[in-house]
Amino acid sequence: MLTILFDGIAYGMLLFILACGLSITLGLMNFVNLAHGAFAMAGGYITVIMMNRYGISFYWCLPAAFLVTALAGAVLERTLYRHLYGSPHLDQVLFSIGLVFMSIAAIDYLMGGQQQLINLPPELRGRFEFLGVGIGRYRLFVIIICAILAVALQLALTRTRFGSQLRAAVDDGRVARGLGINVSLIFVATFAFGSGLGGLGGALGADLLGLDPNFPLKFLIYFMIVVTVGGTSSISGPFIAALLLGIADVAGKYYVPQLGAFIIYAVMILVLILRPHGLFSREGGR
Amino acid sequence: MSGEPAAPSGQAAALLRRAERWQLWEIALWIIAVAMIFVMPSHMLILTEIAILALLAVSLDLILGYAGIVSLGHAAFFGLGAYSAGLFAKFAITEPVTGLLFAGAVSGVFGLATSFLVLRGSDLTRLMTTFGVAMLLAEVVNQTGWLTGGADGLSGVTVTPILGLFEFDLWGRTGYIYSLIVLMAVVFISRRIVNSPYGLSLKAIKRNPTRAAMLGISPNRRIVVIYTIAAVFAGMAGALLTQTTSFVSPDALAFHRSADVLLVLVIGGAGYLYGGILGAVIFTILRDWLSVITPQYWMFWIGLILIVIVMVGRERVTRWQALLPGSAANREAKARAAALAAARDAA
């Protein structure tokens, strides 16, 4: 029972890291980026390639996954995304679906359609008993990293100069620009950071979630649930939503496997009917 | 049509009458579609596919192009229609037209029930709820394997001759004619709908729901109605797929189908009904061609096309509409040119 809770928390933390980049682009920058999963997948595949082809340590792969996907995010933001900030949502949806399709086919072409496996370092494998709760070492590792990241993100967004500049740029880009804030630089940095977090999540999740070319579509719904249910006005909303989703999904799959993903979709639709702007939104949202 | 003599409504009625008039290119399009039966007898199957996709796209056009609702889950109605037609044929009546109407009715009821989900919230909420509904249905089909065959699909659907008279042949000729007739009927009905005062009020809602509400046009009821109608048509498209292939696979509910039909509308242009048909023709030919060149990876090129279209601008891609004689855009362009000329004369 507690083990399930623990697994659920690990899963939820992972979802949060995967989705929080999306909650920034979608919530703060108001861009419907369905291609966020593609960045996560890229992070996962970078890890797979580095570990399995070049034998590089797992611990080096994580920052590499972050940096490379962040770079890719920055390049794409500069070249493509930037032009669509003011476009209707339909355009953004179509554009990012196109990106998803391209990434799926490209990965399929380069890496093949099979499930990718990675070999975790020995100290992260297995599980141990703690007060009668079976704790997977790797899951504990994921939880610790994600918790540190979540706290850091929250602090960065609320306490630092960059955080307040970002919030200003998002609330009213024109006024922020008038105040001498370099809005486009902030957007590209934020977008790159969000993509990088997605890549890091993909790298961390390669073992827990599985990795194959359909990753962006398979987990798209999870990311979107986290963001829409959590509301987009803060970091803590998606965080709680991700934890709830993780626990509910793991528990649901364990206790009532025949219902499958049914519960999650039903709960999401219900939440969206009752609270169209998310469970934890402050001011009705935009 | 309101026949009141009052000036503004008279003007509006005249406008609607003009919009409803049959254009030369529309008639030409249908003649070509019919002529295909004799010109390309060996390509009946792909033509049927085009007709079904066009029907689905037309139904999406009703809610996207006219009511302005962005849906990522239109395949839900398509799949529901496909499965209900399949099950209906398997367990009740095997006659296709009855099955078609039944599938349309089931899908319509479902559309009515879920239409209340798209009334509230922003584009994003709508995207998520429509997407969620489609995924939910796919999950139901997947889990009720005893009824729907699960991931293997529903096989053993027997289809008897249409109305007991026209048997489906091996080359798909009957199937194409049948699909084409349904497509025609749906387009005729849709034309009536969008060129009625009701259709005009939908366009007002699309432009600005708040202003429409202030003018006394209640958006909610109208959106519910059009959503239900679109669901009926989409369900019929699904039923056609089942009946012409005697098989239903969970693919009918897959996400990529919703995305495909959006792409079809984007290629053809939304908001004038025929965009779905032209888009379906282009899309299907394109996909066929791409999957011959790069089997398995045609998705890449579809994605690239989507991105290019968005980057170039959807309006620019579909600007050729204005070249069609008698289209609304063309009329506007002419009117603008006339106004310019008049201004020049006055100066």
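How many salt bridges are counted between chain B and chain A? The count is 0, and the views below, all taken from a predicted model, begin with that contact before turning to details within each chain.

**View 1. The contact between chain B and chain A.** Chain B contributes 38 residues to the contact and chain A contributes 43 residues, and together the two chains bury about 3600 Å², of which 83% lies on carbon and sulfur atoms. On the side of chain B that touches chain A, the elements giving two or more residues are helix H6 (123–143), helix H12 (255–268) and helix H14 (298–312) of chain B. H6(B) gives the most to this side of chain B, with 14 residues. Sorted by class, the side of chain B that touches chain A holds 25 nonpolar, 8 polar and 5 charged residues.

View 2. In helix H6 of chain A, which covers residues 161–171, the buried residues are A:Gly163, A:Leu166, A:Ala169 and A:Val170. These residues lie on the same side of H6(A), because the arc that they cover around the axis is only 130 degrees. An α-helix has 3.6 residues a turn, so residues three or four places apart point the same way. A:Arg161 and A:Asp171, on the other side of H6(A), are exposed. A:Asp172 belongs to the loop between H6 and helix H7 (173–178) of chain A, and with a relative accessible area of 38% A:Asp172 is partly exposed. From A:Asp172 to A:Phe239 the separation is 67 residues in sequence and 25 Å in space, taken from C-alpha to C-alpha.

**View 3. A salt bridge in chain A.** The whole structure contains 5 salt bridges over all chains, one of which joins the side chains of A:Glu77 and A:Arg78 at 3.6 Å, N to O. A:Glu77 is buried, its relative accessible area being 0%, whereas A:Arg78, with a relative accessible area of 35%, is partly exposed.

View 4. The side chains of B:Arg191 and B:Glu26 meet in a salt bridge at 2.8 Å, N to O. This pair links distant parts of the chain, with B:Arg191 in helix H8 (residues 173–194) of chain B and B:Glu26 in helix H2 (residues 24–39) of chain B, 165 residues apart. B:Arg191 and B:Glu26 are both buried.

**View 5. The salt bridge of B:Asp251 and B:Arg257.** At 3.3 Å, N to O, the side chains of B:Asp251 and B:Arg257 form a salt bridge. B:Asp251 counts as partly exposed because its relative accessibility is 33%, while B:Arg257, at 18% relative accessibility, counts as buried, the cut-off for buried being under 20%.

**View 6. The surroundings of B:Thr242.** B:Thr242 is part of helix H11 (residues 219–245) of chain B and counts as buried, at 1% relative accessibility. Leaving aside residues up to four places away in sequence, B:Thr242 touches B:Ala82, B:Ala85, B:Gly86, B:Val157, B:Phe247 and B:Val248.

Conventions. Residues are numbered from 1 along each chain as its sequence is written. Chains are lettered from A and ligands numbered from 1 in the order in which they are written. This is a predicted model: local features need pLDDT of at least 70, side-chain atom pairs count only at pLDDT 80 or more; totals for chains, interfaces and linings use all residues. Side-chain values use heavy atoms; hydrogens and water are left out. Buried means under 20% relative accessible area, exposed over 50%, partly exposed in between (1.4 Å probe, protein chains only). Helices (H or I, at least four residues) and strands (E, at least two) are DSSP runs, numbered from the N terminus. The arc is that of the directions from the helix axis to the C-beta atoms. Contact means heavy atoms within 4.5 Å. Buried area is the accessible area (1.4 Å probe) that two parts lose on being put together, summed over both. A salt bridge is a side-chain nitrogen of Lys or Arg within 4 Å of a carboxyl oxygen of Asp or Glu. Ala, Val, Leu, Ile, Met, Phe, Trp, Tyr, Cys and Pro count as nonpolar, Asp, Glu, Lys and Arg as charged, and the others, Gly among them, as polar.
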